[in-house]
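Hi,

Here is the structure I promised to pass on. Have a look at it first, and then read my notes below.

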Amino acid sequence: MTNVRVRPVLPLIALLAAAAFAAQEQGPAVRHIRVTAARYKFDPPRIEVNEGDLVQVEMRTLDIAHSWTVDAYRIAKRAAPNHPVAFEFRADKAGTFPYYCNLQIDDGCRQMRGELVVKPRPRK
Ligand SMILES: [Cu+2]
């Protein structure tokens, strides 16, 4: 390839880079997450959001009462059969945080584990 042929491509690359940057700079999004607890498991077992997102969680259980607990965010919400719970929080701490069921009704609850991943937003 000669320089003459490469040159027209450069503005396009610059434009794409700018677009990618703009996408990263997008403001926080509202994320709706449905969590289902059943048979001592959370579905999904992993939730990924971006730092700053407003996370709206709707949690239900298909068998016994369970909670969705994230210590780092001081969240502990309980759902009972036919009584789903809805709540929201701002994902203002980046990192990987375990979520679990803190109810002691059943031994199986201690096996309930999941992971909340809050991806850091690029700093300005
Ligand atoms: Cu439980």
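Let me start with the aromatics: F42, W68, Y73, F87, F89, F97 and Y99 form one aromatic cluster. Before the details, please keep in mind that this is a predicted model, where local features need pLDDT of at least 70, side-chain atom pairs count only at pLDDT 80 or more, and totals for chains, interfaces and linings use all residues. Residues are numbered from 1 along each chain as its sequence is written, and side-chain values use heavy atoms, with hydrogens and water left out.

Back to the rings. Searching the whole structure turns up six aromatic pairs. Rings of Phe, Tyr and Trp (for Trp, the six-membered ring) pair if their centres lie within 6.5 Å; planes under 30 degrees apart count as stacked, over 60 as edge-to-face and the rest as tilted. One of the pairs is W68 with F89: the ring centres are 6.2 Å apart and the planes are at 35 degrees, so this pair is tilted. Because W68 lies in strand β5 and F89 in strand β7, the pair ties together parts that are 21 residues apart in sequence. (Strands are DSSP runs of E, at least two residues, numbered from the N terminus.) W68 counts as buried, at 0% relative accessibility, and F89 is buried too, with a relative accessible area of 8%. Buried here means under 20% relative accessible area, exposed over 50%, partly exposed in between, with a 1.4 Å probe and protein chains only.

Another pair is Y73 with F97, with centres 5.5 Å apart and planes at 90 degrees, so that one is edge-to-face. Y73 sits in the loop between β5 and β6 (75-79) and F97 in strand β8, so the pair ties together parts that are 24 residues apart in sequence. Both Y73 and F97 are buried.

As for disulfides (a pair of cysteine sulfur atoms within 2.5 Å), the structure holds zero.

On to the strands. Four of them form an open sheet in the order β2-β1-β4-β7, with mixed pairing. Its edge strands are β2 and β7 (85-90), each pairing on one side only. Two strands pair if DSSP finds at least two bridges between them. Strand β4 (residues 54-61) and β7 pair in the antiparallel sense over six bridges, and the bridge partner of Q56 in β7 is E88.

Last, a loop residue. P45 is in the loop between β2 (41-43) and β3 (46-50). P45 and E115 are 70 residues apart in sequence, yet 6.3 Å apart in space, C-alpha to C-alpha. Leaving aside neighbours within four places in sequence, P45 is in contact (heavy atoms within 4.5 Å) with Y99, G114 and E115.

Cheers

Technical notes: Helix = DSSP H or I, 4+ residues; strand = E, 2+ residues; numbered from the N terminus.
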